[in-house]
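Dear colleague,

I am passing on the structure below, together with notes on what came out of it. Please read the notes with the coordinates open beside you.

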Amino acid sequence: MQRRDFIKTMGIAGGAVLTSPLWNNVFAAEDKGFPLIDLHVHLTDTFTIEKVMEIAEKTKVKFGIVAHPIDWGLKDDEALQKHIDMLRKYPVYIGLQPVGIGWYKNYSPSLLSQVDYILMDPQMVPMGDGVTLHIWEFDTYVADTEEFMQKYMDYALTILKNEPMNIFAWPLFLPVCIARDYYTLWTEERMQQILTAAKARNIAIEINDMAHTPHDKFIYMAKEQGLKFTFGSDSRNANAGRLDYCKTIAKKCGLKKDDFYFPDTNKHNGFFK
Ligand SMILES: [Zn+2]
């Protein structure tokens, strides 16, 4: 790629970033099939951006770092600004993973407009009477499966239709206690409702390496209807970029570069001004 095109594509300044071989590696990898990009990586006190960069150098995987815009995460404009300034020195996409509806009201739109992408999942399911299930928790208890599925679908469709988001994460994931019924609970009708809502707003579907979801049939349906995909490990450790499930299912479903969503580093997430 010409340096001129490179600058135009990435839209970022700063010698360290522009001359980093990592960006080039990603573009080269596209030619071999699907791109090796993990857009769902969290940093911690011990899993630092430097550690992510070491993995990137070794594996040639390109990363997107997500953080939570919430009181215990990036709690305000100041924290978000600091976070963006820190990450812009590295060849990574900068993402947010909100954990509740309406979160963006606590931040300046001009600052949010600098975030490359927003990834949101439907894992905090409101069950009514003030009860919210955190369905990733191992001991999540589902009393009535059909009632749960109804509420889960309602929440998933609500965020898909209303929230600012570029990527729908953890698609089709089920609480452990009902996971054995995955193939019967995910009826074609339910899957189609999710796809229709995502497609209407050009929201990409995450292939989640931790949950091993979604399955091939859903991916085929999504692909046929022109939806885009991302790979996400949801890792906070050296598993970042491994993507074993993602690579296997992408190969099985014949996904190619054109089937993937890439954050737009010029327009960023596109929801705020
Ligand atoms: Zn996450």
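Does Tyr-220 count as buried, partly exposed or exposed? Tyr-220 counts as partly exposed because its relative accessibility is 37%, where buried means under 20% relative accessible area, exposed means over 50% and partly exposed lies in between, computed with a 1.4 Å probe on protein chains only.

Before going further, please note that this is a predicted model, in which local features need pLDDT of at least 70 and side-chain atom pairs count only at pLDDT 80 or more, while totals for chains, interfaces and linings use all residues. Residues are numbered from 1 along each chain as its sequence is written, and side-chain values use heavy atoms, with hydrogens and water left out.

Overall picture

The protein chain has eleven helices and nine strands, these being DSSP runs numbered from the N terminus (H or I over at least four residues for helices, E over at least two for strands). Of its 273 residues, 52% count as buried. Among the contacts in the protein chain with a separation of 6 or more, 75% come from residues 24 or more positions apart, contact meaning heavy atoms within 4.5 Å.

The axes of helix 7 (residues 145–162) and helix 9 (residues 188–200) come within 9 Å and cross at roughly 15 degrees; axes are lines fitted to C-alpha atoms, for helices over the stretch in contact, and angles run from 0 to 180 degrees between N-to-C directions. Helix 7 is therefore roughly parallel to helix 9, since angles under 35 degrees count as roughly parallel, over 145 as roughly antiparallel, 65 to 115 as roughly perpendicular and the rest as oblique. On the helix 7 side the contact is made by Glu-146, Met-149, Met-153, Leu-157, Leu-160 and Lys-161, and on the helix 9 side by Arg-190, Gln-193, Ile-194, Ala-197 and Ala-198. By class, this contact has seven nonpolar, one polar and three charged residues, with Ala, Val, Leu, Ile, Met, Phe, Trp, Tyr, Cys and Pro counted as nonpolar, Asp, Glu, Lys and Arg as charged, and the others, Gly among them, as polar.

Gln-150 also lies in helix 7, and Gln-150 counts as partly exposed because its relative accessibility is 46%. The C-alpha atoms of Gln-150 and Arg-190 are separated by 9.7 Å, although the two are 40 residues apart along the chain.

Helix 9 also packs with helix 10 (residues 216–224), at an angle of about 45 degrees and with the axes 11 Å apart, which means that helix 9 is oblique to helix 10. Here the contact is made by Glu-188, Met-191, Gln-192, Ile-194 and Leu-195 of helix 9 and by Lys-217, Phe-218, Met-221 and Ala-222 of helix 10.

Tyr-220, with which these notes began, is in helix 10, and, not counting residues up to four places away in sequence, Tyr-220 touches Lys-252 and Cys-253.

Strands 8 and 9

Strand 8 (residues 204–208) and strand 9 pair in the parallel sense over four bridges, where pairing requires DSSP to find at least two bridges between the strands. Ile-205 stands opposite Phe-229 in strand 9. Phe-229 and Phe-231 point one way from strand 9 (residues 229–232), whereas Thr-230 and Gly-232 point the other way, and all are buried.

Ile-84

Ile-84 is found in helix 5 (residues 77–87) and is buried, with a relative accessible area of 1%. Leaving aside neighbours within four places in sequence, Ile-84 is in contact with Ile-94, Leu-111, Gln-114 and Val-115.
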